[in-house]
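Please view the sequence and model before reading the points.

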Amino acid sequence: MTLPAAIKSDFPLLDQQFHDHQLVYLDSANTSQKPQVVIDAMADYYENTNANVHRGSYELAVRATAALEGARAKVASFINAKSVSEVVFTKNATESMNLLARSWAETNLRSGDAVVISEMEHHANIVPWHMLRAQKGIELRWIPVDQSGHLDLSSLDRLLDGAKLLSVTAMSNVLGTLNPIAQLSERAHAAGALMAVDASQYVPHMPTDVQALGADFLVFTGHKMLAPMGIGVLWARAELLDAMPPFLGGGEMILNVTKDGFTANEIPWKFEAGTPMVAEAVGLGRAVDYLSDLGMDNVRRHEVELTAYALRTLTERHGDKITIHGPTEPAERGGVMSFIYGDVHPHDVAQVLDQSGIAVRAGHHCAKPLMDVLGTNATSRASLYVYNDKSDLDKLADALSAVDDIFSF
Amino acid sequence: MIGLEDLYREIILDHYRTPRNRGELETPPAQRVEGFNPLCGDEIIVYLQVDDSGVIDDVAIGGQGCSISQSSASMMSVAIKGRTIEDARKLIVAFKGLMSIHETEIGGDGSEAALGIELEGAAEDMKLGDLEALRGVVKFPIRIKCATLSWNTLAQALDEAAAA
């Protein structure tokens, strides 16, 4: 094993039972659990450091500001941003994507301009563009997904022709597919478009280097990477952020306000109106430290091993009964496994698994266009993270047999 | 302890395996109304044919979903066939009562109280029959929306039929 064997004990929530069974948490693509050090860091912030940031002249406020900006620096380093000022804190990845749509796209796109997305996007990378289409008459183009769960790039040149933005997920939250972001960035740039990346499933699980990915914008959320809910990130190249108008107006985001108008603050604060979520940022900073201590290469290796074990075990134990969507090669995917079990509805599968203490998600996973491609309304989804191990997957394979006991017709 | 046997009663699984009144009706004369559960993407289509005297003389169910939504729709179709629009409305109230949804809380927002509240008034004399088997759903609050999907769709279809 590439991660410490006792890692589960870092996560207090995992030490409980449901329906007389030890919790097996397989829903980390939805939200991750939090290590004690993150919980402690947030409690410590409120016990010792809390004050409003960027405005007090007293020592406590200076410390609170340092806590917020220290967290930003950790995040910047974690994703290899060129500058700390390229890291904008938001509420979550959805807000980051809306900031991109409302600020950059609303300013730079005109009626008839095209935005290219893919059929495997989360609604967070679909609906803001639908909204912009309704508002400004932009054109929305879709990269198709093939039957193996990969993007079909055969028509990419045509799709990118005249496009202003390519916005694609780095890792599908349904199929686990890893998309060739660096290559897509190059092709977008060659076509004169900018590249945005939904990295919500990628940053928590992969060593991330925004410069190597060649992207212009990249969004992710804290709660899927061991940090609390309520803190997300928009990373963008500094010159893009500089040229973008503010998203929300209010305190914090200004240098000066008169009766005639306002002067926007410098980046990144220009985009952070109002009192920010400081404790959540501190939690994210601590989560980044925790992941860095584990080593993101080890995190990735652990997940490839575990995904390989899961694909093998589920297939061996349940054969033709189970259909697992997405790439069959573990190295080409993340630890997100959407599956169909026989003709049993995913809600019923999840209900039976819950009775064995196993938490999986059932539904459309906020990716309805992809569900249409897969020809279904819903899937069950088991997703992995650092605290999962082989025994969790053995229990999943065991508990699936109970589905047969109830639903075998 | 709450067990799965409280949820997956034999009669429920029977309606899931062998759904009654499955199919489509010609529109018009039938009403066709679709219902969605945005949580899971489940979809129910209710076809309702009402004669001149306000009696539901035919009903058909389409769409796809989990065992609870499908069996509830199947049992509902059996329960309302041959009844008047008025009786079908009473049955909706009675069924929602079974799901612990109080009459006064049935509103546009579909809010559902997970508290056991006695039924009152008009719906008291309605016999739910096989539908009683769905009583166990209340112990699994997340599934109440599955069980009520077809009934909310029916309510809309009745309104449209009455207005037609």
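1. The model is predicted: local features need pLDDT of at least 70, side-chain atom pairs count only at pLDDT 80 or more, and totals for chains, interfaces and linings use all residues. Residues are numbered from 1 along each chain as its sequence is written, chains are lettered from A and ligands numbered from 1 in the order in which they are written, and side-chain values use heavy atoms, without hydrogens and water.

2. Chain A places 18 residues in contact with 22 residues of chain B (heavy atoms within 4.5 Å). The two chains bury about 1,700 Å² between them, buried area being the accessible area (1.4 Å probe) lost by two parts on being put together, summed over both. On the chain A side, A:His347, A:Gln351 and A:Asn377 lose the most area, together 32% of what that side buries.

3. The rule finds 1 salt bridge across this chain interface (a side-chain nitrogen of Lys or Arg within 4 Å of a carboxyl oxygen of Asp or Glu). A:Asp348 and B:Arg143 meet in a salt bridge at 2.8 Å, N to O.

4. Chain A is divided into domain 1 (7-30 + 295-407) and domain 2 (38-293), with bounds from an automatic or database domain assignment. Their C-alpha centres lie 28 Å apart.

5. Between these domains about 2,700 Å² is buried, 60% of it from carbon and sulfur atoms. A:Met296, A:Leu370 and A:Tyr385 supply 23% of the area that domain 1 buries there, more than any other three residues.
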